[in-house]
Amino acid sequence: MSEISKQEIVDSVPQKGFFGHPKGLFTLFFTEFWERFSYYGMRAILLYYMYYGVTQGGLGLDRTTALSIMSIYGSLVYMSGIIGGWLADRIFGTRKAIFYGGILIMLGHIALAIPGSVALFFISMVLIVLGTGLLKPNVSSVVGDIYSEKDERRDAGFSIFYMGINLGAVLAPWITGSLMDYSFHLGFSMAAIGMFIGLILFMITGKGFLGLAGTQVANPLSGEEKKKVYTAIGTGVVLIAILCAIAIPAGYLTIDAFVALVGILGILLPIIYFTRMYRSPNTTSVERSRLIAYIPLFIASVMFWAIQEQGSTILANYADQRTQLNFLGIELEPAWFQSLNPMFIIVLAPVFAWMWVKLGNRQPSIPKKFSLGLLFAGLSFIVILIPGYMAGTDSLVNPMWLVLSYFIVVLGELCLSPVGLSATTKLAPRAFSAQTMSLWFLSNAAAQAINAQVVKFYTAENEILYFGTIGGVAIALSIILFAFSPKIQTFMKGVH
């Protein structure tokens, strides 16, 4: 295909038809809505499926192992986005990457929906990780393609798109959580059906509504390069299969060993990224200074996500094991608490956006916003230890304590997450703008890789020490970051 200009792509998309936005936003909104519905619906009940006994319809895995697997799974999902972005840029184009990713996700949920063995469970995880890596980063990229760079509707379009993400994330846990008591596999079937609906909508409306958006391969491989890449991929798959066939029966590749391996990767990958960008001849001295400023922000982000992502592991376990689920005459499902985070974001995101605009020049600097995010994250863990401290760790807790903990961490998320995305684009070296965004998402991957080890220390008996230590470390880091904010700001060289 010959090179198509950005303007030709925009002109090929019907520019009105979805609340005053390009028609393609309808396609992308609902594709992402159903993808997030399937992902969060599955994730809301996955931990329980792993550690519930076989007689309860689960796999009967050890609870600590299940918590580690959940963290590793989340880490791999974020790592796979790097591969998905590369494949879209060099081989498929973003449209095909979205479609292939959706098929893999759907197949993964179908595998989960089939009552079977632990082996089938791990196959489903591989499919969902690869599928999400292909679909998730590339949908956002196509949203950018349907607007011209000077289009004043662009930011509002992204806001509508992210509303789709959060609406899917709010609704799914209620549905799959309600089905969990009947059958886990019924819940996983709903996730598969959600992704199937998303794929059908993408196929039916995509061609007419999206025009040429996402059809171009940004930096295609030459014929010779393709041969080398396909050979390398094929060789890699065969080698991994052989290693697994030898290592698993011999007892070398256990679940614990795999968790440790991903944990090392989660820390090594960001270090390699930072080093490569800093030492590159394409990075200017000003950009090197900004990269140094980005390091404490990255560390703060890892600490924040290490707490926030425990909402689907430790706090999900807490909802199931430590929470009074009969509340005001209503029988609550533990999975329903997974809807709180996206629900609070939908309600509070406009408030925070208004607040930053209202404050104008008086708003906190980027490092200070990060320190506030860390402070709230730490407080969310301090709050959840209070009921155990007051009444002991062997009694059931009022669910409002859990609601309060989720609420406080969302305050932190709204201080740190949107600001982090914006800061990443501002501080990125020009030659590595896309890769720096991948680096931002690796902070979440690193956090969850670390969590896979940290969650092993949690038990109901030592929960006060567990929550207190992690919450205390986050608060201490937030104070240090706040104190050093002016110094970090000087390294940012004019970025505010």
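Predicted model: local features only at pLDDT ≥ 70, side-chain atom pairs only at ≥ 80, totals over all residues.

Q: What makes Glu463 and Arg322 a salt bridge?
A: Their side chains meet at 2.9 Å, N to O. The term requires a side-chain nitrogen of Lys or Arg within 4 Å of a carboxyl oxygen of Asp or Glu. The pair links distant parts of the chain, 141 residues apart: Glu463 is in helix 16 (residues 463-491) and Arg322 in the loop between helix 11 and strand 1 (326-327). Helices (H or I, at least four residues) and strands (E, at least two) are DSSP runs, numbered from the N terminus. Arg322 is also buried, because its relative accessibility is 4%.

Q: What does the salt bridge between Glu309 and Arg43 tie together?
A: The side chains of Glu309 and Arg43 meet at 3.3 Å, N to O, in a salt bridge. Glu309 lies in the loop between helix 10 and helix 11 (314-321) and Arg43 in helix 2 (residues 24-51), so the pair ties together parts 266 residues apart in sequence. Glu309 is buried at 6% relative accessible area, and Arg43 is buried at 14%.

Q: How many salt bridges does a search of the whole structure find?
A: The search finds three. One of them joins Glu35 and Arg36, with the closest N and O atoms 2.7 Å apart. Glu35 is buried at 0% relative accessibility, and Arg36 is buried at 5% relative accessible area.

Q: Why is Ile197 called partly exposed?
A: Its relative accessibility is 31%, so Ile197 counts as partly exposed. Ile197 sits in helix 7 (residues 184-210).

Q: What makes helix 9 roughly parallel or antiparallel to helix 10?
A: The axes of helix 9 (residues 255-279) and helix 10 (residues 285-308) come within 10 Å and cross at roughly 165°. That makes helix 9 roughly antiparallel to helix 10. Angles under 35 degrees count as roughly parallel, over 145 as roughly antiparallel, 65 to 115 as roughly perpendicular and the rest as oblique. Axes are lines fitted to C-alpha atoms, for helices over the stretch in contact, and angles run from 0 to 180 degrees between N-to-C directions.

Definitions and conventions
Residues numbered from 1 in each chain as written. Heavy atoms only, no water. Buried < 20%, exposed > 50% of the residue type's maximum accessible area, 1.4 Å probe, protein only.
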